[in-house]
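Below is a short note on the model, for a colleague who has the coordinates open. Comments are grouped by topic.

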Amino acid sequence: MLESTTMLESRLDLPVEARAVLEEEEALLERVRAALDRARRGPRPGARAPAPRELRSVAALRELRDEAATASADDLPAVLLEMSVRQRLIEQETRETLPDPLCPYLAHLRVDEGKGAKDYLLGHATFLEPSADVRILDWRVAPVAQIFYRYREGDEYEETFPGRVAEGVVKARRIVVVERGVLTRIVGDGLVLTRRGDGQWTLEDRAALAMQPGGAGTAARPGSLGVGAGALDRARTADVTALLDPEQYAAVCAPAQRPLLVLGSAGSGKTTVALHRLARIAALDPARCPLSAMSVVVPEEGLARLSRRLLAPLGAGEAQVKTLDAWSAATAREVFGRPIALCADPPALVTSLKRHPALFRALGRRFAKLAPANATLPRLRRRLADVFTDRGFLGGVVADSGGDLPQSAVEETVRHTVLQLAEPLEKELASIIVPEMKQALDGRAIAEGTPDELAGTLDVDDLPILLFLRAARRGLDGAGWSHLVLDEAEDFSLFELYVLGKLLGEARSVTLAGDEAQQTSSSFAGWDAALSTLGVGDAATCRLAVSYRCPRPVTELARRLLGKLAPEAPARAARDGAPVGMFRFPTEAQAHLFLAGALRDLAGREPRASVAVIARDADAARQIHALVADLPEARLVLEGEFSFEPGIDVTDVDSAKGLEFDYVVVPDATAAAYPMTDEARRRLHVAVTRTSHQLWLIAGAAWSPLLGGAAER
């Protein structure tokens with residue numbers, strides 16, 4: 001009686017409708033618990049008999065036991081291994097996985113298809129007891145889950161399911177959070193109920209679970225740099241050139257012959273300054289500094305596409321904009337005079353080693369006396385292969401990396417290089433004259449998708465190394481650039497900077513823009529080393545102190561994320577703004593359900609907004625995109641293929657670096673995705689600072705420890 005009274009008191013302050021929802025969900029949870037308890041106590045009514053396959057597995061296991069009794073000492077281990085495998089198969093075939101009673105389901109969907117309302121519960125395992133009106137379906141495979149993702153409470157739906165077309169009305173749609181067997185949260189389309197630590201239930205403001213309106217057009221658009229031209233139905237804002245602050249304008253007007261390093265936090269206008277400086281130099285002295293002799297080099301394709309669009313209204317559309325990979329491939333072809341087969345996806349550890357400053361130093365010592373005659377492509381490839389299969393040399397690089405590179409990078413590099421040194425299958429198949437005999441059954445090349453595919457290739461990160469060795473011993477031919485812009489320069493390797501420096505014109509006119517806090521690779525050696533390697537150690541430095549992109553709540557969070565890596569002087573936010581939304585759920589599935597609904601709501605309310613869902617990596621981005629793939633506004637954007645049109649771009653940290661969006665959602669702000677490491681600090685910092693209006697952080701597990709006190713609020 002006392003318990004019932006306490007429960008009643010815990011919800012007295014709730015409105016009648018909210019109280020009814022809470023009582024309904026509590027009753028449903030009790031009904032599910034009772035059904036699961038009955039299922040665990042004994043066989044469920046109508047449980048199936050062992051299938052013939054299970055009987056065959058049992059018979060095979062008995063035969064193996066008999067064989068083991070008479071097997072020799074040499075044969076016994078193999079027989080015992082086979083017995084173990086068979087036993088696991090039988091357990092999988094006969095065991096019926098029941099939902100976890102401490103968290104039996106994730107969401108509640110009630111629909112009416114004209115024959116009365118029916119409740120479906122979405123969980124991790126399917127469990128049906130129709131007599132108790134309990135239907136738990138695996139949300140990953142159940143067709144009815146489509147209704148939960150695609151519709152809202154009160155919506156009419158029509159969906160094609162296997163064998164039928166379902167038509168009806170969504171009567172209730174709620175995310176249900178059950179933690180350790182206790183109902184703690186209900187997130188519906190019209191209300192949010194939360195159980196506090198003292199057991200009291202509170203009704204939250206539903207507006208707090210929606211992105212704040214008015215963000216459309218605050219991020220970069222064609223014709224603007226970071227201030228936005230606004231949605232189509234808004235008046236155009238002032239031209240960005242007129243909005244340059246005194247620090248930015250002074251940097252833009254720096255003498256062309258003086259190399260310039262522009263440093264600043266995310267959104268401080270580094271790209272604005274660098275591109276305006278390029279345009280101004282071309283306008284002041286077009287004879288000596290024609291646009292056709294200028295170049296912009298950036299790490300990622302997304303930033304390259306944005307730079308091309310932003311240069312056009314400055315009258316600098318003819319300037320060449322390339323990614324580092326495209327630049328190095330084109331330069332290698334020009335210098336060595338032949339095409340080079342490249343590996344599409346080298347191992348991450350190998351890439352980290354080949355870009356590290358420790359390798360730059362080690363190769364400089366090893367090839368200090370290389371004869372210029374040996375700096376041809378075939379000879380350099382051979383010598384480089386010797387280096388990358390020399391475990392002693394590679395071990396020295398790892399030891400000199402200051403902990404950046406693990407010891408496993410040695411074996412990974414050796415293994416990868418050995419595969420690349422193999423003879424390509426095409427040469428072995430040269431004697432076959434029937435084309436079909438050179439293909440697999442699925443029509444692909446025989447080597448495709450196999451280790452043989454690496455034979456005869458180089459990594460794209462080998463190209464700057466080869467060019468470095470060539471430049472150091474024989475120099476590089478060709479006219480130099482009249483002006484060079486290197487944006488996000490903290491992600492350039494010393495090999496790339498050395499070669500780029502050799503291609504600068506006599507005036508040594510260059511602008512570097514960067515922020516060491518946004519470094520996302522292990523290639524950064526510090527600004528002094530970067531400038532010295534580029535050959536512009538006397539460059540002037542401009543520090544931009546104001547963040548124009550991110551509102552104050554985001555800049556404050558970004559600084560906390562960096563911790564010990566944060567610069568001494570904090571960036572000044574130019575404006576206040578919407579608070580950071582933080583939403584944690586016990587499971588990833590619940591977080592995904594919440595995210596899918598929030599994105600649909602936002603797309604409906606703000607059709608002209610640019611929204612980025614920035615996952616930790618490409619695989620996570622693919623998983624998130626699958627939740628909203630049916631939305632016409634949703635695009636999976638990998639490898640930087642941004643259109644910069646309104647809509648929802650689901651992408652990863654590397655692809656989004658250097659860009660900005662009206663709204664940003666980090667869907668995996670968890671300890672697993674962003675642990676307490678310096679690399680994770682910088683990557684999460686990059687993700688959160690892409691927004692110009694509002695940021696949301698979502699976690700389907702424990703918060704990332706980098707969020708600290710922000711996650712405890």
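The points that follow run from the whole chain to single residues.

1. Overall. This is a predicted model. The chain has 713 residues, of which 52% are buried. The chain holds 23 helices and 23 strands. Of the contacts with a separation of 6 or more, 71% are between residues 24 or more positions apart.

2. Nonpolar cores. Leu 353, Leu 359, Leu 363, Leu 486 and Leu 500 have the most contacts inside the largest nonpolar core, which counts 63 residues. Helix α16 supplies the largest share of this core, with seven residues. Another core, of 58 residues, lies apart from it and includes Ala 251, Leu 311, Val 653 and Leu 697.

3. Leu 486. Leaving out residues up to four places away in sequence, Leu 486 touches Val 297, Phe 492, Leu 497, Leu 500, Thr 511, Leu 512, Ala 513 and Leu 534.

4. Helix α11. In α11, residues 357–366, the buried positions are Pro 357, Ala 358, Leu 359, Phe 360, Ala 362 and Leu 363. Their cover includes α10 (348–355), α12 (377–387), α13 (391–399), α16 (462–474), α17 (494–502) and α18 (527–534).

5. Helix α8. Gly 302, Leu 303, Ala 304, Leu 306, Ser 307, Leu 310 and Leu 311 are the buried residues of α8, which spans 301–311. These residues pack against α7 (270–284) and the strands β11 (294–298), β12 (320–323) and β13 (483–487). Leu 311 is one of the residues of the 58-residue core.

6. Packing of α10 on α14. The axes of α10 and α14 (residues 408–421) are 9 Å apart, at an angle of about 100°. The two helices are therefore roughly perpendicular, because angles of 65 to 115 degrees fall in that class. From α10 the contact uses Leu 349, Val 350, Leu 353 and Lys 354, and from α14 it uses Ser 408, Ala 409, Glu 412, Thr 413, His 416 and Gln 420. By class these are four nonpolar, four polar and two charged residues.

7. Ala 125. The loop between β2 (117–123) and β3 (127–129) contains Ala 125. Is this residue, Ala 125, buried or exposed? Ala 125 is buried, because its relative accessible area of 13% is under the 20% cut-off. Apart from residues up to four places away in sequence, Ala 125 touches Thr 97, Leu 98, Pro 99, Ile 136, Leu 137 and Asp 138. The C-alpha atoms of Ala 125 and Leu 137 are 6.3 Å apart, although 12 residues separate them along the chain.

8. Positive phi. Most residues other than glycine have a negative phi. Asp 133 has a positive phi, near 55°. Asp 133 sits in the loop between β3 and β4 (134–138) and is partly exposed, at 30% relative accessible area. Arg 508 also has a positive phi, near 55°. Arg 508 is in the loop between α17 and β14 (510–514) and is partly exposed, at 26%.

9. Cysteines. The disulfide count is zero. Cys 289 is buried at 11% relative accessible area, and Cys 542 is likewise buried, at 11%.

Methods:
Residues numbered from 1 in each chain as written. Predicted model: local features only at pLDDT ≥ 70, side-chain atom pairs only at ≥ 80, totals over all residues. Heavy atoms only, no water. Buried < 20%, exposed > 50% of the residue type's maximum accessible area, 1.4 Å probe, protein only. Helix = DSSP H or I, 4+ residues; strand = E, 2+ residues; numbered from the N terminus. Contact = heavy atoms within 4.5 Å. Disulfide = S-S within 2.5 Å. Core = buried A, V, L, I, M, F, W, Y, C linked by side-chain atoms within 4.5 Å. Axes fitted to C-alpha atoms, helices over the stretch in contact; angles between N-to-C directions. Parallel < 35°, antiparallel > 145°, perpendicular 65-115°, else oblique. Nonpolar A, V, L, I, M, F, W, Y, C, P; charged D, E, K, R; others polar.
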